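Hi there,

Here is the structure I promised to pass on to you. Have a look at it first, and then read my notes below.

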Amino acid sequence: MKIRVLGSSAGGGFPQWNCNCRNCDGVRRGTLKATPRTQSSIVVSANGEDWLLVNASPDILAQIAAHPELQPARRTRDSGIAAVLTIDAQIDHVTGLLMLRERDTPLPLHATDVVWQDLSSGFPVTSILSHYCGVERHSIPLAGGFSIPALHGVGIEALALSSKAPPYSPHRNAPQPGDNIGLTFIDASSGKRAFYAPGLGKIEPHVMAAMKDADLLLVDGTCWTDDEMIKLGLSKKTAADMGHLAQTGPGGMIDVLDSIDRPNVRKVLIHINNTNPILVEDGPERRLLAEHGIEVACDGMAFEL
Ligand code: MLT
Ligand code: MN
Ligand code: ZN
């Protein structure tokens, strides 16, 4: 199984178009040792030719252009993206669906039933797409595993997470199981497991169990401190309010990852907000992560399991 990080940033990207925080300003001017990042998305493939796009970010066209393996050009109109799965209905994970409208067959789209509701009500992208390529609906079950034809030999397990439905969701304030999911991809031949959860608000026991079994962890790296956005005067919301567990503090993501001691496990933070000091490659926060054996995802990062 192959996994590629298309976009390692949280919603807004890095630098964010209107942001002059230390990180965004510094990377724009070249005064900070940091690398730009596009918005939250990965691709997974069993054969290296057909890919499952996990989250369709607003940057999808640039991400496809940066990854020639997603454009095998077998026919006049063709794409290596065989199917799409969205883990929630957040803007940074679904807006890119509109960019895939030129397909000549309906887009196979995998999402939980509650995400399907959001995508046909609060943000009716599936209704809009019905006037273009259309979408082929596939419901992700919250119990037991499932598979996707294009990923032959890869099993998938979804687990309901405590995070947040988007602000426009009819159930933003009445969370439903399946508003946000984490995914485990299991390669049938190697037995290796990858766990992906870019929005992880709370580490509940079933989440910890899935994390402990994984050989690759791609987990929520949004904020370094819970009050990061408030301290910078950029938001009134804590990371927790937005459904993200900060890296520092008791029970934070560093503590959680420290408690996982599977041999050869790779621990990688993904979905990094542009305010997060771990983006500074020669900074103390990045050094501290390295001491804990934790990596920071960048666009183009590739894994083979
Ligand atoms: C989030 O995960 O909280 C989102 O990135 C927010 C957004 O896209 O606006
Ligand atoms: Mn996001
Ligand atoms: Zn910024």
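This is a predicted model: local features need pLDDT of at least 70, side-chain atom pairs count only at pLDDT 80 or more; totals for chains, interfaces and linings use all residues.

Residues are numbered from 1 along each chain as its sequence is written, chains are lettered from A and ligands numbered from 1 in the order in which they are written, and side-chain values use heavy atoms, leaving out hydrogens and water.

Leu200 is also among the residues with the most contacts inside the largest nonpolar core, which has 35 residues. A nonpolar core is a set of buried Ala, Val, Leu, Ile, Met, Phe, Trp, Tyr and Cys residues joined through side-chain atoms within 4.5 Å; buried means under 20% relative accessible area, exposed over 50%, and partly exposed in between, with a 1.4 Å probe and protein chains only. Elements that each supply at least two residues of this core include α6 (205–212) and β11 (216–220). Helices (H or I, at least four residues) and strands (E, at least two) are DSSP runs, numbered from the N terminus. Apart from this core lies another, of 30 residues, among them Ile3 and Leu183.

Now for the metals. Which protein donors does the zinc ion (ligand 3) have? They are Cys19 (SG), Cys21 (SG), Cys24 (SG) and Asn274 (OD1), lying 2.3 Å from the zinc ion. Donors are N, O and S atoms within 2.8 Å of the metal (3.2 Å for Na, K and Ca); water is not among the atoms, so sites may look incomplete. The 4 donor atoms subtend angles of 99 to 118°, so the arrangement is tetrahedral, a label for four donors whose angles all lie between 85 and 135 degrees. Cys19 counts as buried because its relative accessibility is 6%, and Cys21 is buried at 9%.

The manganese ion (ligand 2) is coordinated by Asp92 (OD) and His271 (NE2), at 2.0 to 2.2 Å. Asp92 sits in helix α3 (residues 91–94) and His271 in the loop between β12 (266–270) and α9 (284–291), 179 residues apart. Asp92 and His271 are both buried.

Finally, 7 strands form an open sheet with mixed pairing, in the order β6-β5-β4-β3-β2-β1-β14; two strands pair if DSSP finds at least two bridges between them. The edge strands are β6 (135–139) and β14 (302–304).

Happy exploring!

Terms used. Four donors count as tetrahedral if all angles lie between 85 and 135 degrees; four count as square planar and six as octahedral if opposite donors are over 155 degrees apart and all others between 65 and 115; anything else is irregular.
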